[in-house]
Amino acid sequence: MFKKILIANRGEIAVRVAQACHELGIATVGVFSTVDTGSKHLRFMDDSVWIGDSPPQTSYLNITRIVDVAKSTGADAIHPGYGFLAENAEFARACEDAGITFIGPGSNALSLVGDKIASRNTVKKVNVPIIPGMEGSSADIDDFRSMAETIGYPVIVKASLGGGGKGMRIIRSDAELADCVAAGQREAQSAFGDSTVYLEKYIEKPRHIEFQVLRDHHGNVVHLCERECSIQRRHQKIVEETPSPVLDAQLRHEMGEAAKKVITAAAYTNAGTVEFLLDHQRNFYFLEVNARVQVEHPITEMVTGVDIVRQQIKIADGCRIVFSQGDVQQNGHAMESRIYAEDPHQQFMPSPGRILYLNEPQGPGIRVDSGVYDGWNVPPHYDPILSKLIAWAEDREHCIARMVQALEQYTILGIRTNIDFLSRIITATAFRKGDYHTHFIDDHEQRLMPKFKHQRVALVGAALISLTGKRGQLSSKSAASPQTTPWQEVGRWELSGD
Amino acid sequence: MEYRFNHLDRDYAIVIEKHDDGYMAIIDGKQYRIDEFRQYSNLLVFRLDGILHHIRYARHKETIHIAAAGEHYSFDSVKDQKTSRGTAVEKSDSVSSPMPGLVVKIPVEIGDHVIAGQTLAIVEAMKMQNELPAPRDGVVKRICFHEGEQVDALQVIVDLEETES
């Protein structure tokens, strides 16, 4: 087994990976940019090394520097997490060349499936259905235009090297085409360091269903069933659940086998996710392979009991998968809410800044994978994800009830977050019924707007805080100690004269 | 004692009076009893007309952040009523970044005639590019940032000529 793993990431996923390493008795090396000097993930590392200035290009995307740090610290493997270099074949190759194990698929499989255009061609060969679109990218806008005319609007432009909705634009008419392609290229360049984009047919109101697959170096392949990720804003998932409310055993089996075929055809090893769109007629189409651990992997862990990050490390080390497809069972129901530093009332505008107060929920079936702490200054340079709230229960209804309660407990003050927005999604009637698709948020915009039902209470609270002022803050310290009764504290406060 | 707050561009006024056995809140002329008021670190507990509430809070400068029953509020103390209107007027003559970020593109030059809604600047934060539109038709008077520079929240990036009317 590996002795030391460098974790080339930050935030909650770096914490998650470090924990998996320590459970296996493996030492960890963390890396950080200037602005991340006090980042939470470093508290989980045995050693940590500065890798560059704050912008991702000079730090978490800096291949040469990261590989050098791995060599100088004696790491024998690198876990890339998700985002940043996780699906970068050049990085995987640099690791291989340096004699360091890249925990993920090999660079060849990564080039193949990480490139959406190449992966579509592979998938076609094994007769898994795909969405019509471009076979390759082009620098010529007229190629985009003629493909759009052939397959018909609406179409969608996607980053070839991407994921997570970055670089994606829906185009509904010829007039929007040039601007949208250019915007997609800019975003792709900035997010993935590669501006290649391509075009495909846009399927209206589909459901997004993906299958988690594991494949080892000995040809063993299993899927860990589906995750439904149809609740998205700006093409980015924010609520995921498993099992999907719409899959039955037959469709689950068909899609799971298709996912395994794709992974095997690509000679892909390690953990990977095969994403599908499901249309109204329950036809499924291959979307892409996510060649990394997914943000939403915990819900699969909760219902299958398989630790996916642990499996990633063991598979990379050459271990066999010790269970078979027949052993995989879905036990109960799990759901994840992604907590983002963004303002749902202002088009999900990013909201970096200092966290003044943090209260993470706890309770039966509740798991929080968090990359932040009370007092942390959330930097503007990276993805706005702060943490993930995962709920598990024996059935969907109970799982929703746990999620609702946990979201209500979850308090982050000082920056804007999507926590109350998530609550309104989970409590919406259509969501409760399982009746939703990828346009749910747009379609229910009114229902999801803030209600501010407790405005009077909040206002009274603000006034009481102003009233007690600094003296209130001073005595609140002693109020926390059990020796003082709260009533003694109240007695000390008086209205100030002015 | 009267307190004035601004929450999401709306002003709110509330009066708190001390009584022998507690406090009274007056909002829009209506009175509400406050009993059993306790304050802990980041937590307030009180009864409002008999109903028990637990509120989480944090203060920063002139802002009080509140979480009440899963809802989040940011109340800015209002010292002078003119302040909020003053900002609104300024806004229509310039484009400022709503958040800290990186100026990735300024697709206009000084002297350009622009129309309302036209993109004057693109600011990137947390990997998301935000196109900042012109608030009205006009002529670009001043560009305060270069592409590639870091901008803070609410800093003006592009100024438009003042309107003639």
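Start in chain A: select A:L112, A:V113 and A:G114 in helix α4(A), then A:K116, A:A118, A:S119 and A:T122 in helix α5(A), and you have the residues where the two helices meet. By class, this contact of α4(A) with α5(A) holds 3 nonpolar, 3 polar and 1 charged residues. Keep in mind that you are looking at a predicted model.

**Stop 1: the α4–α5 pair**

Now show both helices whole. Select residues 107–114 of chain A for α4 and residues 116–125 for α5. How far apart are their axes, and at what angle do the helices pack? The axes lie 5 Å apart, and the angle is about 90°. Angles of 65 to 115 degrees count as roughly perpendicular, so α4(A) and α5(A) are roughly perpendicular to each other.

**Stop 2: the α2–α3 pair**

Stay in chain A. Select residues 63–73 for helix α2 and residues 89–97 for helix α3. Here the packing angle is about 30°, and the axes are 10 Å apart. That makes α2(A) roughly parallel to α3(A), since angles under 35 degrees count that way. Turn the view: the crossing of these two helices is right-handed.

Which residues of α2(A) and α3(A) meet? From α2(A), pick A:I63, A:I66 and A:V67; from α3(A), pick A:E90, A:F91, A:A94 and A:C95. This contact has 6 nonpolar residues, 1 charged residue and no polar ones.

**Stop 3: a loop in chain B**

Move to chain B and select B:H146. It sits in the loop between strands β14 (138–143) and β15 (150–151). Is B:H146 buried or exposed? Its relative accessibility is 59%, and over 50% means exposed, so B:H146 counts as exposed.

B:H146 and B:L8 are 31 Å apart in space, and 138 residues apart in sequence.

**Stop 4: confidence in chain B**

Color chain B by pLDDT. The chain averages 86, and 91% of its residues score at least 70. Which elements of chain B have the lowest and the highest mean pLDDT? Helix α1 (residues 82–91) has the lowest, at 40, and strand β5 (residues 43–48) has the highest, at 96.

Zoom in on residues 81–90 of chain B. Over this stretch pLDDT stays under 50, and the model has 3 contacts beyond four places in sequence for it. Where pLDDT is low, the predicted coordinates should not be read in detail.

**Last stop: the whole complex**

Zoom out to see everything. For the complex, the predictor gives an ipTM of 0.79 and a pTM of 0.84.

Notes: Residues are numbered from 1 along each chain as its sequence is written. Chains are lettered from A and ligands numbered from 1 in the order in which they are written. This is a predicted model: local features need pLDDT of at least 70, side-chain atom pairs count only at pLDDT 80 or more; totals for chains, interfaces and linings use all residues. Side-chain values use heavy atoms; hydrogens and water are left out. Axes are lines fitted to C-alpha atoms, for helices over the stretch in contact, and angles run from 0 to 180 degrees between N-to-C directions. Helices (H or I, at least four residues) and strands (E, at least two) are DSSP runs, numbered from the N terminus. Angles under 35 degrees count as roughly parallel, over 145 as roughly antiparallel, 65 to 115 as roughly perpendicular and the rest as oblique. A crossing is left-handed if the near helix is turned anticlockwise from the far one by less than a right angle, and right-handed if clockwise. Contact means heavy atoms within 4.5 Å. Ala, Val, Leu, Ile, Met, Phe, Trp, Tyr, Cys and Pro count as nonpolar, Asp, Glu, Lys and Arg as charged, and the others, Gly among them, as polar. Buried means under 20% relative accessible area, exposed over 50%, partly exposed in between (1.4 Å probe, protein chains only). pLDDT is the predictor's confidence in each residue, from 0 to 100.
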